[in-house]
Amino acid sequence: MRKNSPGRRIPVSTIALVSSGVLALLVVGALGYYYLQFSRLIDARLSGKLLRGASRIYTCPKRISVGETLEPAWVLRYLQNSGYSAENSAGATGQIKLLDSLIEIRPSAYSFFAGKNALQIRFLRHRIAQIKSLDSGANLISAEIEPELITELFGAAREKRRPIKFEDFPKNLMSAILSAEDKRFFEHPGFDPIRIMGAAWADLRRGEKAQGASTITMQVARSFFFSTRREWRRKIKETFMALILEKRFSKGQIFELYANEVYLGNRGSFAIHGFGEAAQAYFGKDVRDLNIAQTCFLAGIIRAPNRYSSADRNADRAAEARDRVLQMMADNGLLNTEQIRQAKKLPFQIIGGAYGVSLAGHFVDMLKDDLLDRFSEPELNSQNYRIYTTLDSDLQLAATAAVDWGLRNVDAQLEKKYALWRKRGEEAPLPQSALVAINPSTGEIKALVGSRDYAQYQLNHALAKRQPGSVFKPFVYAAALETALDEGGSALTPISTVVDEPTTFNFDGKEYTPNNYGQEFHGTVTLRDALVRSLNVATVKVAQEIGYGRIVALAKRLGLTSDIQATPAMALGAYELTPLEVAAGYTAFANYGLRCEIASLKRVASQSGDLLQKSVLVKKAVLDPRIAYMITNILEDVINRGTGAGVRTRGFRAPAAGKTGTSRDGWFVGYTTNLICVVWVGFDDNRELGLSGANSAGPIWAEFMKKAVALPEFSNTQEFERPEGVVSVTIDPETWQLANPQCPALREEVFIAGTEPTESCMLHPDNSAEK
């Protein structure tokens, strides 16, 4: 029988070749799969990320004027902080060029000015010598420049960032970062074989995993796409993702993304991401103003940021991070021994205290609550909206300083009371304060302080209801003067009289016995003097005469929406109002009868510059302009010779009207032709302050307003102009009749035309006509 021959064997080389081909296909397939998967991840997580982030809140535009003391370097830094770039780069707020003593400012389509308002500013001896419009060629007396960044909104994670464009990144800081993290960043394709081998050799020598080999691109891949668990599969994915990132983005874009997202520790309750925010968090500086020692510290904390979060309390630890990177820069040939020695002598103080608290913290909180009625929180935290507000940065600084100074003044006056409370074993709380400044003709909030220290007290007292006391009285007297507009009625005028004496009022079956401040009574007084001296009994008598309901109706007309009841106590400010409500009510006096709705927002623009929201000025006629002017005229007397005269002795000289208020708290409300300011001082537990409004809130008001009227935008204070239909006549203050040449004392008084006195003074007759 014939034996079957064995099957023909396939050569090993063929098997190997086929296996290699299959393996190659599998590898290519796997690579292709991961390439598509990772590309989708990049599209999903980094789409627009280089230019995207949380929304940013800005002040209103800053006005500069010819003759103003200002340095070119300051303007340069200010505009860089607002997003301007030296290059005409995509997404920048604008372009700025410094040419010797000239600065050229060219807003982009993304700026507040939407590509308009290009300016050339010439400086001479630390002052602005000329402002020229590059749009029209005209020379300007003053001009607006880009609003200032207040803060970046943060979400529940409480992460803060201050993005910087690659082209604006300081060279010293970049060199320090690259020396510390990836010195061949601009040479490798995403991973660094030389560094990997060096790290492996170092690990072998030490017998443990100690040397990192991740490039900056790999760190970006890890931060955005993978967990931080140390495992070889993650490292492979990280490397592959780095290669894809290098294909999709330029080196500059990758570095920008890294430098703006890298975690750099916690300061206070905030997680600090990116070097722009870290410069502020650790040194209180713009990143462009850091010295080499400070840049090396920031580069040195990347690998162990939480170790250095408390570096303000551990100078040795901070110096360790600085010195390590200084030496790395020397090893890379960027610094020599002498430069390192000099760098270690440079200022290096890390700031302490609370961080992340905006100078306008209460304003930002209030604004955010308003924004959340219109936009979702995820939207605000990711869409890089530009939120332009009404806040004036110079006024806000002045307001913060005035409240800080004023509360120290109040503390000094109350020190004995604090000591007594402590001696009794009672709690000795510190008084709080609120300051609101608004533009009377627009209702825009220009400055707002809500407590003595936002870091410790987040309650916004500008929105807290308190008894306004005597700052409510002008509404009583406005209602009284409105009787002159009634047909056939008896008109009350500023010289109508009322008897100021101890009085018990019966109302709704109950007795009400008010007292004057200091228990002083003045007999027969005019309505003007009753308001100027803030006489309580006289005011309640006036309210009783015209009807309590009439005053309530006027208050509601002026926008005081609180539950104000028609009672005698209402006339003395017994029903609670917020400082912001009071400010809104006083716009009717300062604005000749037009009440303005309070506004904190100007507009919201998208990342691409599209307008998403714009505030509309809302004005409503609520008071006859003649009545508004007459109240203002009387309130000028309050400041010039009445209960508010202390602001004059404190050096405030501009034309102004105002009113003190004392309940359990202290109040002061005053206004010029271009600014209303309300100040409140009191305790959170509603205990008696024990100081008058003139001695508690008045000094804060004066301190703030002195600084306000020194600013170019608010310095043009004018006398209040008498409207048509109001006449001013000279009267004798003894008889309240028209003055004669023989009258020993004279007073100017204002009246609605037709209600002024018509008879000449009979006590001092004019005998000259008989001769």
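In this predicted model, D323 is partly exposed, with a relative accessible area of 25%. Its salt-bridge partner is R322, and the N to O distance between the two side chains is 2.8 Å. R322 counts as buried, because its relative accessibility is 9% and the cut-off for buried is under 20%.

Let's look at two more pairs. R288 and D286 also join their side chains in a salt bridge, at 2.9 Å from N to O. R288 is buried at 17% relative accessibility, and D286 is buried as well, at 12%.

In the next pair, K465 forms a salt bridge with E581, and the closest N and O atoms are 3.2 Å apart. This pair links distant parts of the chain: K465 sits in the loop between β16 and α15 (473-481), while E581 belongs to helix α19 (residues 579-590), 116 residues apart. K465 is partly exposed, with a relative accessible area of 41%, whereas E581 is buried, at 13%.

| Salt bridge | N to O distance |
|---|---|
| R322 and D323 | 2.8 Å |
| R288 and D286 | 2.9 Å |
| K465 and E581 | 3.2 Å |

How many salt bridges does the count come to? The count comes to 36 salt bridges. Salt bridges can also link up into a network, as they do for R528, D529, D637, R641, R747 and E749.

Now for a strand. Is β15 largely enclosed or open? Seven of the seven residues of strand β15 (residues 432-438) are buried, so the strand is largely enclosed by the rest of the structure. In a regular strand, side chains alternate between the two faces of the sheet. You can follow this along β15: Q432, A434, V436 and I438 point one way, S433, L435 and A437 point the other way, and all are buried.

Which strands pair with β15? One of them is β27 (residues 676-682), which pairs with β15 in the antiparallel sense over seven bridges. Within this pairing, I438 stands opposite I676 of β27. Another is β16 (residues 445-449), also antiparallel to β15, with four bridges. There, L435 has V449 as its bridge partner in β16.

Finally, find the turn of the hairpin that β15 and β16 make. Six residues lie between the two strands, and G443 in this hairpin takes a positive phi near 80 degrees.

Terms used
Residues numbered from 1 in each chain as written. Predicted model: local features only at pLDDT ≥ 70, side-chain atom pairs only at ≥ 80, totals over all residues. Heavy atoms only, no water. Buried < 20%, exposed > 50% of the residue type's maximum accessible area, 1.4 Å probe, protein only. Pairing = 2+ DSSP bridges. Salt bridge = Lys/Arg side-chain N within 4 Å of Asp/Glu carboxyl O.
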